[in-house]
Amino acid sequence: MTPTTLVALDCPINPVISAYIDDVQDWVAGWTRRHGLPGPVADRLAEIGIGRYAARIYPDATAADLRVVAALFTWFFLADDECDRSLPAPGRVHKMVTDVLDTLETGAQVLDGPLGAMLADAWQVPYRRMPAHWRARFVGAVEHHLRGVVVEARNKATGHRPGVAEYVELRRATSAAYVAHALVDFAAGVPVPEAVWRHPAVRAYSAAGNDLLSWFNDLLSLDQDAATSGGHNLVLAVATELSLPVAEATDRVREHWQHRMRALPGLRAALPALGPAAERYLDGVDHTLRATVDWCLESPRYR
């Protein structure tokens, strides 16, 4: 059943999905076990369907490339959990982030344990195949995400509740949407030129897609976040900053989400013509948003 926080929300982006969805989902389940994850952890990952999520974002990727992306997605879910568990031990978290970035820079396993082995394995194909400027772009997106995860975990440990503007900026990092956007090049097999990637209008569209998927997730997970997030949810941040009941803050966020969602097609139509590579990238932003909407509703992670 659709939670009441999502009633009447409409995402006009058409859903897409890879023909390899079942194959990739089964492969990921076996891959986590081959890397020595404890059975209950591997079972939980299989149940939430991370391979299905990747198949919705990159519908045109080959089966082999979709497995790579699904493996990377799985690693990010595990890394986020590890950051939450490790704080307040900032030295341990700092070392983990440093080791992750070193692995991505060199292609060699630096991080210890199954988490390190999984990252090194999943990263091998992109590291060998993709050009240096793309690898630098991807590493930057990963660093942005991990720094955000660390900040959120530290906020929870110290009791800091971010205001709305602070939270929106932080959420753009913790969502990992920019990591998913960076992988559009790999999944398509054609790198997006730097001039396109850095174009202000393209960056603005990427941010808009990130906000919409993040806020949708916040609406969906509001009940869980009210108990566990320490205020790291847009509804809770609005309620605190504006001294509103949570129900009224929910209505405001829901209305704002729908307004921004209705404006998104017009925002894309107003972009300058930047060529086929730009269109593929913008499609990837759209797919990431729609995939998050559909996967969040189907995955038991949010039930």
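A crossing of two helices is left-handed if the near helix is turned anticlockwise from the far one by less than a right angle, and right-handed if clockwise. Helix 14 passes helix 15 in a right-handed crossing. Helices here are DSSP runs (H or I, at least four residues; strands are E, at least two), numbered from the N terminus.

This is a predicted model: local features need pLDDT of at least 70, side-chain atom pairs count only at pLDDT 80 or more, and totals for chains, interfaces and linings use all residues. Residues are numbered from 1 along each chain as its sequence is written, and side-chain values use heavy atoms, without hydrogens and water.

Start with the whole chain. It holds 16 helices and zero strands. The C-alpha atoms fill a box of roughly 50 × 50 × 35 Å along the principal axes.

Now return to the helix pair. The axes of helix 14 (residues 234-242) and helix 15 (residues 246-269) come within 8 Å and cross at roughly 120 degrees. Axes are lines fitted to C-alpha atoms, for helices over the stretch in contact, with angles from 0 to 180 degrees between N-to-C directions.

Last, take D218. It sits in helix 12 (residues 200-220). D218 counts as buried because its relative accessibility is 1%. Beyond neighbours within four places in sequence, D218 is in contact (heavy atoms within 4.5 Å) with Y167, R171, D225, N233 and L234.

How values were computed. Buried means under 20% relative accessible area, exposed over 50%, partly exposed in between (1.4 Å probe, protein chains only).
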